[in-house]
Amino acid sequence: MLAKSERYSNVLIAIHWLTALLVVIAYLVSEGGRRVRLDPPLLHFATGMAVLVLVFARMIARAASGAPPPPASIAPRLARAAQLGHARLYALLIAGPLTGWYAASRLGVPSDLYGLRIPAIAAPVKGGIGPIGEIHQIGGNAILILAGVHAAIALWHQFLRRDRTLERMSPF
Ligand code: HEM
Ligand code: HEM
């Protein structure tokens, strides 16, 4: 097992995997077009909003506990590229849910889930909501694509390069 200083904190590891699970569920239960007004996908809203809450919790936890320094075997250029990729993921984890929240508000769809209401952040409109729905859809797809590339790189590190990168984020 890696030393504690070489791994992410337990809180960050828990948030990482919970976020991954919620993103996949949000994606699988997403709906678009007219169906959203007729039958709002409440599980999509709830899992997506949970991702947004968790990304802020994660930033606070990261600021408090920090991240382990890159392994010595990683070239500084590669470490910098990883940092950029992660920053992009963070940005999408914020922009994705925010644009969805805005789209849901414009659609004026009720968002009650177990008595919890998501407040509107924009005035509802009767007809089309403009490009925000498509922007959100592109954002949602982008999270999945980038996370897929990110997961493939993590597996490459672990099993081909054998530098134990996956163990840095492993709950075991
Ligand atoms: C990680 C979080 C999220 C992901 C990956 C995601 C992904 C997606 C995808 C792929 C679609 C298009 C579905 C289709 O056209 O079949 C969609 C639609 C939608 N999502 Fe999300 N979403 C997320 C968070 C949210 C949140 C937090 C809300 C609202 C509170 C939301 C509200 C909506 C709405 C209203 C639509 C329909 C937009 C339209 O067609 O006009 N999403 N989402
Ligand atoms: C939706 C899915 C995922 C998202 C949004 C995501 C997001 C992130 C982010 C933002 C970081 C940077 C953490 C930080 O420094 O604060 C990270 C690190 C990491 N992720 Fe993911 N991840 C996802 C899925 C996965 C999967 C499936 C794997 C493994 C196959 C994985 C393996 C890792 C590893 C090993 C690290 C640590 C990298 C390092 O030490 O620099 N992630 N992830």
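Arg-162 is exposed, with a relative accessible area of 65%. Exposed means over 50% relative accessible area, buried under 20%, and partly exposed in between, using a 1.4 Å probe and protein chains only. This is a predicted model, in which local features need pLDDT of at least 70 and side-chain atom pairs count only at pLDDT 80 or more, while totals for chains, interfaces and linings use all residues. Residues are numbered from 1 along each chain as its sequence is written, chains are lettered from A and ligands numbered from 1 in the order in which they are written, and side-chain values use heavy atoms, with hydrogens and water left out.

Stay with Arg-162 for a moment. It is placed in the loop between H5 and helix H6 (165–168). Helices here are DSSP runs of H or I with at least four residues, numbered from the N terminus. The phi of Arg-162 is positive, about 50°, although the residue is not a glycine. Arg-164 is found in the loop between H5 and H6. Its phi is near 65°, a positive value in a residue other than glycine.

Next come the charged pairs. Side chains of opposite charge can pair when their charged atoms come close. A salt bridge is a side-chain nitrogen of Lys or Arg within 4 Å of a carboxyl oxygen of Asp or Glu. The structure holds three of these salt bridges. One joins Arg-164 to Glu-167, at 3.0 Å from N to O. Arg-164 is partly exposed, with a relative accessible area of 36%. Glu-167 also counts as partly exposed, at 23% relative accessibility.

Another salt bridge links the side chains of Arg-161 and Asp-163, again at 3.0 Å from N to O. How exposed or buried are these two partners? Arg-161 is partly exposed, with a relative accessible area of 32%. Asp-163 counts as buried, because its relative accessibility is 12%.

Asp-112 and Arg-117 form a salt bridge too, with their closest N and O atoms 3.1 Å apart. Asp-112 is partly exposed, with a relative accessible area of 35%. Arg-117 has 55% relative accessibility, so this residue counts as exposed.

Now turn to helix H5, which contains Ile-153. Ile-153 is partly exposed, at a relative accessible area of 42%. Leu-166 lies 13 residues away from Ile-153 along the chain, and their C-alpha atoms are separated by 9.9 Å.

Helix H3 (42–65), helix H4 (76–107) and helix H5 (132–161) are the elements that give two or more residues to the shell around ligand 1.

The ligand is surrounded by 21 residues, and the closest are Glu-31, Gly-33, His-44, Gly-100 and His-136. A residue counts as near if one of its heavy atoms lies within 4 Å. By class, the shell has ten nonpolar, ten polar and one charged residues.

Polar contacts complete the tour. Such a contact is a pair of N or O atoms within 3.5 Å. A nitrogen atom of ligand 1 lies 2.8 Å from a polar side-chain atom of His-136. An oxygen atom of the ligand is 2.9 Å from a polar backbone atom of Gly-33. For Gly-32, a polar backbone atom is 3.5 Å from an oxygen atom of ligand 1.

Notes. A polar contact is a pair of N or O atoms within 3.5 Å; within protein, one must be able to donate a hydrogen and the other to accept it, and residues adjacent in sequence count only if both atoms are side-chain atoms. Ala, Val, Leu, Ile, Met, Phe, Trp, Tyr, Cys and Pro count as nonpolar, Asp, Glu, Lys and Arg as charged, and the others, Gly among them, as polar.
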